[in-house]
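Have the sequence and the 3D view side by side as you read.

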Amino acid sequence: MRNLTTSTRASPATEIVDRVAEMEEQDPLDLPPLYDSIDPDALDRLAESSKIQFEYIGYNITVDNSTITVDQ
């Protein structure tokens, strides 16, 4: 099981897509849209003040205090 935890610098939505693309060894533009799993604008607004958990193309994503964890 792979796990990737990073502290965000870009928007959380962008960071998540970039991390998953890296783990999938694909270009981020080749992945399904994040909005199929979660509203990216809402994610970006809530990321600093809430704990958010959701699934994106088979990965379990957690955003907590601007720290993103991607678990396969």
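One cut-off is handy from the start: a residue is called buried under 20% relative accessible area, exposed over 50%, and partly exposed in between. Because E22 has a relative accessibility of 48%, E22 counts as partly exposed. Please keep in mind that this is a predicted model.

**Overall layout**

The protein contains two helices and four strands. Read from the N terminus, the order of these elements is β-α-α-β-β-β. The protein has 72 residues, and 40% of them count as buried. Among contacts with a separation of 6 or more, 45% are between residues 24 or more positions apart.

**The strands and their hairpins**

Strand β2 covers residues 51–56 and pairs with strand β3, residues 59–64, in the antiparallel sense through six bridges. Within this pairing, E55 sits opposite N60 of β3. Two residues lie between the strands of this hairpin, and I57 has a positive phi near 40°.

Strand β3 is also joined to β4 (residues 67–71) by five bridges, and these two strands run antiparallel. Here T62 has T69 of β4 as its bridge partner. The hairpin of β3 and β4 likewise has two residues between its strands, with N65 in the turn at a positive phi of about 50°.

**The nonpolar core**

Which residues touch the most other members of the largest nonpolar core? In this core of 19 residues, they are I16, L34, L43, F54, Y56 and I61. Helix α1 and the strands β2, β3 and β4 each contribute at least two residues to the core. The largest share is that of α1, with six residues. As general background, nonpolar side chains in soluble globular proteins tend to be buried together.

Setting aside residues up to four places away in sequence, F54 touches I16, L34, S37, I38, L43, Y59, N60 and I61.

**A proline in the loop**

P32 belongs to the loop between α1 (12–24) and α2 (40–46). Is P32 buried, exposed or partly exposed? With a relative accessible area of 36%, P32 is partly exposed. Beyond its neighbours within four places in sequence, P32 is in contact with Y56 and I57. The C-alpha atoms of P32 and Y56 are 8.8 Å apart in space, while the two residues are 24 apart in sequence.

How many salt bridges does a search of the whole structure find? The search finds two, and they are listed here.

| E15 and R19 | 2.9 Å | four residues |

Why are E15 and R19 separated by about one helical turn? The reason is that they are four residues apart in helix α1. Together, E15, R19 and E22 are linked in a network of salt bridges. In general, side chains of opposite charge can pair when their charged atoms come close.

E15 is buried, since its relative accessible area is 9%, whereas E22 is partly exposed at 48%.

Conventions: Residues are numbered from 1 along each chain as its sequence is written. This is a predicted model: local features need pLDDT of at least 70, side-chain atom pairs count only at pLDDT 80 or more; totals for chains, interfaces and linings use all residues. Side-chain values use heavy atoms; hydrogens and water are left out. Two strands pair if DSSP finds at least two bridges between them. Buried means under 20% relative accessible area, exposed over 50%, partly exposed in between (1.4 Å probe, protein chains only). Contact means heavy atoms within 4.5 Å. A nonpolar core is a set of buried Ala, Val, Leu, Ile, Met, Phe, Trp, Tyr and Cys residues joined through side-chain atoms within 4.5 Å. A salt bridge is a side-chain nitrogen of Lys or Arg within 4 Å of a carboxyl oxygen of Asp or Glu.
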